[in-house]
Amino acid sequence: MKALRAGRLLFGKDLRVLGRSRGLVAVLIGYPIVIAILLAIALSGGDRRPSIAFVNLDAGARTVQVGEERLSVDDYADRLEDDVDLVRLTPAQADEALADGRVSAVLTVPEGFITDLQSGLKPPVLQLATNPRSPIEAQAIERNLESAVFRLNQALATAYVTQVLNLVDLIQEGGTVGIFGRSGTLLGLEESERNLAQVQKALIADGKPALAKRVAALRDYITGVGGNLELAKPAAQAIASPIRLEVREGPPGREPLSALGIAGALVVGIGLVGVLLAAALLSAEREDHVLSRLGRGLAGAGTIIWQKALLAAVACTIVGYVLLGVVALTTSITIGRWLLWLPALLLAGLASGAFGLLVGALARETRTALLAGLMLALPLAVIALIPGNDIAYWVSAFAGFGPAARIFQGLLVDPEVTSSTYVGMGILAVVALVYGVAARVALGRRMHA
Amino acid sequence: MGAPLLEARGITRSYGSFEALAPVDLTFARGERVALTGPNGAGKTTMLTILAGVQAPSAGTLQWAGGSPAKVGWVPQRPALYPRLTTRENLRLFAGLEGSDDPPATADELIRRADLGDFADRRAGALSTGTMQRLNLAIALAGAPSLLLLDEPTGTLSPDQRVRLWQWLADLVRSEDMALVFSTQSIEEAARHADRVLVLARGRLVHDGPAGALDEESFMALLGDEA
């Protein structure tokens, strides 16, 4: 009860001190928010067209006509430029540009690309080389090119199916063939059937009924084939475009931010606020020389730690909701699960706050604590944003940033809340507990040294 | 001398292999003013922080009259307060932490007793050194202590501020029936403002006697090589 009362009094004192330290609050809360917003803009790769080197090794390629689709390597490149900025380079120039960072990736059209496309015997392959030092950008480029290749494949599939349907008509009705580079004249099933009817009549007139009967069987077969080919047309059309996606642009003036960008902004914002605020508040107690007074039974190390961790968690939650509110109000992204964000933000704030308290308990003065907190928190928060990397996840988990980033992304994009979200919250609670206990031990030693 | 208050037996304090305090035996009684003096590094602050409960002794016991620990007021050398809070807010906070039933009333009473009325709503960080030391002392009184411990309380004060502080402390001891123990490096200050003087040298108690019995010459003789 006494500890609760002491914690409540110190919590109120800290709020009052923060209210009177506008410069400090601006640094501790304003700075992380600004950094978070800048990071969100930087990570929201959806608006930026990556620059990609384009290397064409299929130098002697011809143009291939597929129905109304006329394709050459240049046509392919022109279509890709709807999604990315292509810079046409030689292989050596492209490798150099990728190494220098002047381009984000190298897209190579290998020799025989058009031939493969024309033959239809094996699918033509494009080669994409990305920069391993920019995994976030590489992922965005892969997504862009996969989308572009998918749209082109769909157009080609439609053209091919149209050609196949024309061929079906030719087989049925006859005419001039012009597909996959071949040409000629086809008689057609209908004309064949009419010719056979005349042959059948002539055989009967010549007194050859047995032969005429065999021709009749052939006519029945042709009629049957024609009917079955008619059935193939709707099936082929369905294959050409099994699912169609209709894309509409959002309202003008509202820039889309990726989930990665928002999660990154939250992790950096909350991480820095939690670490810096907790570290500063705790080290300020020492700078004010009050620890020896408090340590005489007025407020123990445990009370001071939980009180400041709670304050950091509350501050982080407010900052998190502010950032989410800004995203919800200024972008077309829908932020849902507002209630579930509460434990996620609180636990993330608690973990980063406990980490900051350990820094504050170990540092000798506030400036050192702030510098150390910033130097430790910023890289760990950035590491947490490297997608799909387990090592980065566990490295950044030291301050709770990795689990927080995954929880935030999950809450933003996952259609359903999965068990991994709750597991992540559990990890954050454990991180907070471990750092809280460590900070309590360190502070206890300082108070009674 | 008044009723016994505290008896310290065999108090030692070591930091690794360094012995800051050799076994020291001390007694304190209500209503007495005790000066703890000695050269730098003699163990004065270590002794006071052990008596204040800031740190535990490596060995030895503190035996309080009546069996249960009395309230102790602790005035560290550097003011231990929140500079961004006002005088009144500091006193209310520490009165609350000391368990006062009515922290605002306790704070108002302390402001009156410490003559801090003109500075009650001024931020502590903006107070003069002497006023800040009065606040530092008033905070220590928030728990109505029976033993008041001060670590070199006049070290940063001007002569007139020192005079006022000693007057107030003498009044406090008389009116509150408390024991006052202060550390100082000045044998003159110890002799003038204490009833009893303790001399520490290299962590050992080398003198425990009436203030009048110690002058500069005998003090230097006690220190021996330390001097």
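# Notes on loops, a sheet and an interface

Reader: Let's start with a residue in chain B: where is B:Arg202 found?

Author: In this predicted model, B:Arg202 lies in the loop of chain B that runs between β8 (196–201) and β9 (204–210).

Reader: And what is the phi of B:Arg202?

Author: Phi of B:Arg202 is near 50°, which is a positive value in a residue other than glycine. As background, most residues other than glycine have a negative phi.

Reader: Now B:Glu152, please: which loop is its place in?

Author: B:Glu152 sits in the loop of chain B between β6 (147–151) and α5 (159–176). Although B:Glu152 is not a glycine, its phi is positive, at about 45°.

Reader: Buried or exposed, for B:Glu152?

Author: B:Glu152 is buried, since 20 other C-beta atoms lie within 10 Å, and 20 is the number from which a residue counts as buried.

Reader: Stepping back, how many helices and strands are there in chain B?

Author: Chain B has 7 helices and 9 strands, and of its 227 residues 46% are buried. If one takes the contacts in chain B with a separation of 6 or more, 69% of them are between residues 24 or more positions apart.

Reader: Over to chain A, then. What is the order of the strands in the open sheet?

Author: The open sheet of chain A has 4 strands in the order β4-β1-β5-β6, and the pairing is mixed. Its edges are formed by β4 (85–88) and β6 (127–130) of chain A, each of which has a single partner strand, so one side of each has no neighbour in the sheet. From one strand to the next, the twist averages 25°.

Reader: How many bridges join β1 to β4 in chain A?

Author: Strand β1 of chain A, residues 51–56, is joined to β4(A) by 4 bridges, and the two strands run parallel. Within β4(A), A:Asp85 is the residue that stands opposite A:Ser51.

Reader: Which helix packs on that sheet?

Author: Helix α4 of chain A, residues 91–100, packs on the sheet and touches β1, β5 (105–109) and β6 of chain A, with its direction at about 160° to that of β1(A).

Reader: Change of topic: how many residues of chain A are in contact with chain B?

Author: On the side of chain A there are 19 residues in contact with 19 residues of chain B. Both α1 (2–19) and α10 (291–294) of chain A supply at least two residues each to this side of chain A, and the largest share, 5 residues, comes from α1(A). By class, the residues on the side of chain A comprise 7 nonpolar, 6 polar and 6 charged.

Reader: At what angle do α1(A) and α2 of chain B pack?

Author: α1(A) packs against helix α2 of chain B, residues 87–97, at about 165°, and their axes are 9 Å apart. Angles over 145 degrees count as roughly antiparallel, and α1(A) and α2(B) are therefore described in that way. The crossing of α1(A) past α2(B) is left-handed.

Reader: Which residues make the contact?

Author: From α1(A) they are A:Ala6, A:Leu9 and A:Lys13, and from α2(B) they are B:Leu93, B:Gly96 and B:Leu97. Sorted by class, this contact of α1(A) with α2(B) has 4 nonpolar residues, 1 polar and 1 charged.

Notes. Residues numbered from 1 in each chain as written. Chains lettered and ligands numbered in written order. Predicted model: local features only at pLDDT ≥ 70, side-chain atom pairs only at ≥ 80, totals over all residues. Contact = placed C-beta atoms within 7 Å. Nonpolar A, V, L, I, M, F, W, Y, C, P; charged D, E, K, R; others polar. Pairing = 2+ DSSP bridges. Axes fitted to C-alpha atoms, helices over the stretch in contact; angles between N-to-C directions. Buried ≥ 20, exposed ≤ 12 C-beta atoms within 10 Å, placed from the backbone. Parallel < 35°, antiparallel > 145°, perpendicular 65-115°, else oblique. Left-handed = near helix turned anticlockwise from the far one by under 90°.
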